[in-house]
Amino acid sequence: MPYFITEDCIGCTACAKTCPVLAITGAAKERHVVNIRRCVSCGVCGRVCPKNAVLDGHGNPCQSVPRPKWKKPVVDTARCSACGICVTWCRAEALRISFPTFRGDIHVFAELYQPNKCVGCSLCEENCPLGAIRMAEVIA
Amino acid sequence: MKTPTYALIDLNTRASSRYEIPESLYRRYIGGKTLGARLLYDLTPAGVDPLGQDAVVIVNTSPATGTGAPCSSRFNMTFKNVLTGGIASSNCGGQFGVLMKRAGYDGIILKGQSETPCVISIVDGRIEITDADELWGKDTEETQHAFPKIYGKLVIGPAGEHLVRYAAAVSGERVAGRCGAGAVLGAKKIKAIVAYGTKRPEIHDREKFAKYVDKWVRFLRGHPMTGESLPTYGSAGLVSKANATNALPTHNFKYGHFKDAHAVSGETLADKYLLRNSSCISCPIRCERRVEVDGKDVKGPEYETCGFFGPNIDAVSMENMIRLNYLCDSYGMDTISLASTLAFAMELKENGVADFGVSFGNSDNLADIVGKIARREGVYSDLANGSKWMSERYGGKEYAMHSKGLEMASYEPRRSVGMGLGYATSNRGGCHLNGGYLALLESVGVLSMDALSTSAKPAFTAFFQNALEAISAAGFCLFSAQSFVPAVLFKIGPHHPVTRAIGKIATHLGFGVRALLWMMPVLRFNSVFLFPHAEALRLVTGLPFYTGSFVRLGERGYNMERFYNYREGLTKADDSLPDRLTQTPQDPNNPKTVVRLDKMLPVYYRIRGWDKDGTPEKRTLRKLGVQA
C-alpha cells in the first residue's frame, strides 16, 4: 500500500531526497506527491518528515525518527553469494560488492561501505534471495 | 494464471499498447527465445527485410528473470538475422531485463521505423517515446551515462547507427552481441531503451523457491567449475585447455595450436591484469573480469575475444586485446564476428586478393581500423558486412569461416567434430551455444569424448541443443549448466582412468541418448545436479516442469526456430561449413581431422524427426505442438 503526503507538507524536500526509489516529486516549499505506481512502502519518507505529514498505507501518521536510530543492513558474509541484487536496489549507493583482499581472491560479499548514506529502506533485506541481509540498529 | 504482458510499440505512430500473451502460447513456449521465435513467426510475413520497415524486434524476458534465482538476469532479443536471413536470438545478462520486468512488462515488441532518432522509456508501466538527436553519434558508454544510474538501459553505439551488420546492443557492461542486434535497433532509429520500476516478479511458491535457490547457490559455489574455475579465470580460462587439445583456431582456423597461447590465456589475464571479478545481477558464479589497461578499469575479454583477437590473427598482445574489447563495446560491435571478418581480410591479403591494411601477427593498427569499420568509412564499409558478404565479393569462400553467414566461435571444429555439426545445424548460424556446445565434452572440458569420432555426436548435439535452448528460454545463463559434470571428476582430474573411461563410454552412448530423447515425456524427476533450472521454473510458474518436459520445451523451441528458417528459405544447403573444415585435414598426417558432415547430417536429421532435406516433418511439429 503506497504512502500519502498530507496538507501539512511544507515542501522541505527531505522525503524526495531520501526516497530510495525516487517516488516523491514536488517543488521546494510546495506540497509533495507520492507516485503510487512506484512507492514500495519502505517508510523512509515518514521517518525523515519533520512535520509528520506522511501517512502510511493504512492511513496512520508516521513518526519522525532521528537518523542514528535508523536500522542498517548487516550482511551474513558466509551466506552472501555476492550476486549484487541488493546493490541494484540501493540508490543511496551505501552498499557495494567488496574488493578482493588479495590477488585472486574470489570470496567477496556485499558490504555497507557508506553507512552514513544508508537510509534504512530495507529493500536490500527484502530482495536478497538468500536471506543474507538483516536490518539492525548499528551502533557506530 | 498470470500470463506475460508485452508492450506493442509502433514506431511509425509512436503509439504503444498492451499485448497479452494467450495462455496456450505461454504454456507451450514459456518465454525468452522460444516464445520470441513463435511471436516473430506469427507477427511477420515471410521474406521481410531485417533492416526494413516491416521488420519486428522482440525484446523479452522469461519467467525466472529477476526472481533472484542464480544466473537469472538474462533477457533475450529475437529478430530476423541480419547476417543469415534466418532467425536471430541474442541473449544478454545486462540489467535491462530485470528492470523492464520491475517496470511491469515482460517484453516489448517493436514495429515500424522511426524517422528521427528516439529513446523509448518504460518507467512504472508507462511507455514514452522521445526524440534523441543529441544522443545520436555518441558511444555506448556516454549514452548510458545520459540516463539515471538506477535505470536499466539497452543502447546502441555508432556501429548500430551505421548499420554494421554485426553491431551489438549494450546493456551496462554486458552485450547482446550476435546476429546484428544493434543493427536492427539502429535501422529503427532507436538509440536507447530504458526501463525502471519497483514491481517484483511473480513467484508461484515463494517459500519453496527461496529454499531451492539457497540449495542451488550452495551447489554452484561448491562445484569446482562454477565455484572455482570460472570465478578465478573467467571463460578465458578455456584458452589453454583448447590449445592443449589443438582446438584453438589459429591463423583464421588454419591450425589448431598457437605456440604463444599462454600470453593470451585466462591465467595470464588473471596474473597480470585482473583487478577483481564481477558479475551480472543475481549471479553467484561471477565470471566477468575487471581489468586495468592504460590506467582505466575496464571489462576484461571473454574466451571468444581472447581466441579471436589473439591466436586467430596470430597476435600475442594482451593489452591490445583488452583495448580492442573495450573499443568494440563502446562502438557496439560483436567481437566474434568482427575479429573473424578481420582474420578473413588478413588471409585475403596473404593470398594477394585484397589489401585492407591488416595482416596476420599485427594487432597494433586494429584500434584505428575498428573505428573506421564502426563508422563505415571508405573501403572499410565492406568489412562491416561480415565475412560471407566479403567472400561473395572478393572470393575465398573456402576460408570464410562462417556457417549460414554468422561467423563461428572460437572452437576448432576439426578437433571437436560434434561442435562442427552444431555450427552447421545451429538455427542462428555458426554459434557455439545455439549449436549445442559439444566442445565442452570433446576438447575443453574435464571429460573428453573421442573428439574425432562421429559416433554418438548427432544424438549428443541434438540433446544439448534442446537443453541449452530450454535453459535460455527459462531465463538462465548457460554457465549455470556447467555444473552438470560431476564434481568428483574435477577432483580426480582429466587423466584419471575413471574420467577417461567415462569419456570413452560416452563416445558410444549414441543409442542411449537417442532413447533418452525419445523418453522425454516420462522423465518426471528433478535434480539439482542435472537441470536445476527445471525445478526453479516449476516453482516460479507453477507449471509441471520436470527434466523431461523441460528438455522437451527446448526441442519445441528449436523446431520452431528451424520452422521459421525453413519459411525464410534456408535449406539443407545452408547446414554447411566452409571447405577448409570439411575438406582439408587439420593435421596433414591424420585424415580423420576433418568434419564429416556428410556422415553426421543424415543421422542428425533422423534423430530430430526432419526429412532428408532437413525440413521438420509434419508429425514432428504436431508432436511438439508447434503446428496443429
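Predicted model: local features only at pLDDT ≥ 70, side-chain atom pairs only at ≥ 80, totals over all residues.
Residues are numbered from 1 along each chain as its sequence is written, and chains are lettered from A in the order in which they are written. Local features need pLDDT of at least 70, side-chain atom pairs count only at pLDDT 80 or more, totals for chains and interfaces use all residues, and side-chain values use heavy atoms, with hydrogens and water left out.

I begin with confidence. The predictor gives the complex an ipTM of 0.93 and a pTM of 0.95. Chain B has a mean pLDDT of 93, with 100% of its residues at 70 or more; pLDDT is the predictor's confidence in each residue, from 0 to 100.

I turn to the interface. Chain A contributes 30 residues and chain B 37 residues to the contact, which is defined as heavy atoms within 4.5 Å. About 2,600 Å² is buried between the two chains, and carbon and sulfur atoms give 50% of that area. Buried area here is the accessible area (1.4 Å probe) that two parts lose on being put together, summed over both. On the side of chain A, A:Arg37, A:Arg38 and A:Ile106 lose the most area to chain B, together 23% of what that side buries.

Next, the charged pairs. The rule finds 4 salt bridges across the interface, each a side-chain nitrogen of Lys or Arg within 4 Å of a carboxyl oxygen of Asp or Glu. One of them joins A:Glu93 to B:Lys149, with the closest N and O atoms 3.3 Å apart.

Thank you for your attention.
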